[in-house]
Amino acid sequence: MQVNTGTSLGMLDGVIVTADTIDDPLVDGLRQSYLPTVLIGHRRSDRDASYVDIDNEAASMLITDHLISSGRVRIGHITGRITSVSARDRLVGYRRSMRRAGLDVDDLVVEGEYTPESGYKGAMALLDAGVDAIFCASDYMAKGAIDAIRNARLRIPDDIAIAGFDDLRFAADLTPPLTTMRQDIQGIGHEAARSLLRLLDDPEGTPRRVLLPTELVVRQSTGIASG
């Protein structure tokens with residue numbers, strides 16, 4: 001099947017595509033086509049599409065609540081790329097949690113790029129702002145932030161608590177081990193494939209919208225690990 005999306009997709013029965021960019025002509029073209037499509041992630045305008053995602057806003061609130069409950073009051077946030085849907089949702093969750101606790105957020109947010117280098121740079125800016133905790137929107141940025149905190153001769157978590165997002169394989173091996181939000185990346189792929197097969201069996205059926213659970217994994221980077 002040929003799809004007029006501005007990109008040659010060849011002869012396809014269906015497509016699984018990542019939808020994590022605010023404006024994505026490929027995703028828009030697929031959604032307007034007759035080709036069965038399942039999104040990994042979704043934008044606000046994609047609510048009537050079949051997708052598999054996590055609740056990034058709720059997960060971000062949970063990890064920020066954890067930092068607040070540990071006694072931190074100057075919690076900085078290093079976002080992902082601001083063109084990313086998940087980064088924006090995680091920022092919304094962070095802000096909601098902070099404001100619900102009556103804590104200031106105005107000078108405590110810096111934009112990152114999901115890389116250790118951007119985490120390092122963002123952490124240095126937040127340290128200058130006097131934070132006592134940093135929530136990074138990805139583990140890769142948290143890795144860079146840990147290096148920045150160490151180079152500033154500060155202790156983790158005594159002086160600065162730090163948390164990430166994703167629970168990538170290296171998170172537990174960092175020094176100290178990283179508190180993070182675990183999402184089932186493999187499970188997202190399995191559910192997306194399952195959703196696409198259902199669409200192929202019943203193209204006129206109801207869209208399948210799946211939100212998979214996340215899990216807060218508490219380790220030494222925010223204090224004494226649970227369990």
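Predicted model: local features only at pLDDT ≥ 70, side-chain atom pairs only at ≥ 80, totals over all residues.
User: What makes up the surroundings of A192, leaving out residues up to four places away in sequence?

Analyst: Contact means heavy atoms within 4.5 Å, and by that rule A192 touches I16, V38, I40 and V52. There's also V210, 18 residues apart from A192 along the chain, with the two C-alpha atoms separated by 8.7 Å.

User: Which other residues of α6 are buried?

Analyst: Along with A192, the buried set in α6 holds G187, I188, E191, S195, L196 and L199. The buried residues of this helix pack against β1 (15-18), β2 (37-40), β3 (50-54), β8 (180-183) and β9 (209-212).

User: How do you know that the length of α6 agrees with what a helix should span?

Analyst: The expected span is 1.5 Å times one less than the number of residues. For the 17 residues of α6 (residues 185-201) that should give 24 Å, and the end C-alpha atoms are 25 Å apart, which agrees.

User: What does α6 lie across, and at what angle to β2?

Analyst: Helix α6 lies across β1, β2, β3 and β9, and runs at about 165 degrees to β2. Those four strands form an open sheet in the order β1-β2-β3-β9, with parallel pairing.

User: What makes β1 and β9 the edge strands?

Analyst: Each of them pairs on one side only.

User: What makes β4 count as mostly covered?

Analyst: Five of the five residues in β4 (residues 75-79) are buried. I75, H77 and T79 point one way, G76 and I78 the other way, and all are buried.

User: Which strands does β4 pair with, and over how many bridges?

Analyst: With β6 (residues 133-136) the pairing is parallel over four bridges, and I78 stands opposite C136 there. With β5 (residues 109-111) the pairing is also parallel, over three bridges. In β5, E111 is the bridge partner of T79. To get from β4 to β5 the chain passes through helix α3 (residues 85-100), and this β-α-β crossover is right-handed.

User: Why is the Y140 and F170 aromatic pair called tilted?

Analyst: Ring centres have to lie within 6.5 Å, and planes under 30 degrees apart would be stacked, over 60 edge-to-face, with the rest tilted. Y140 and F170 sit 5.2 Å centre to centre with 45 degrees between the planes, so the pair is tilted. By this rule the count comes to one aromatic pair.

User: What makes this pair a tie between parts apart in sequence?

Analyst: Y140 lies in helix α5 (residues 139-151) and F170 in the loop between β7 (161-163) and β8, so the pair ties together parts that are 30 residues apart in sequence.

How values were computed:
Residues numbered from 1 in each chain as written. Heavy atoms only, no water. Buried < 20%, exposed > 50% of the residue type's maximum accessible area, 1.4 Å probe, protein only. Helix = DSSP H or I, 4+ residues; strand = E, 2+ residues; numbered from the N terminus. Pairing = 2+ DSSP bridges. Right-handed = clockwise from strand over helix to strand, strands pointing away. Axes fitted to C-alpha atoms, helices over the stretch in contact; angles between N-to-C directions. Phe/Tyr/Trp six-rings, centres within 6.5 Å; stacked < 30°, edge-to-face > 60°.
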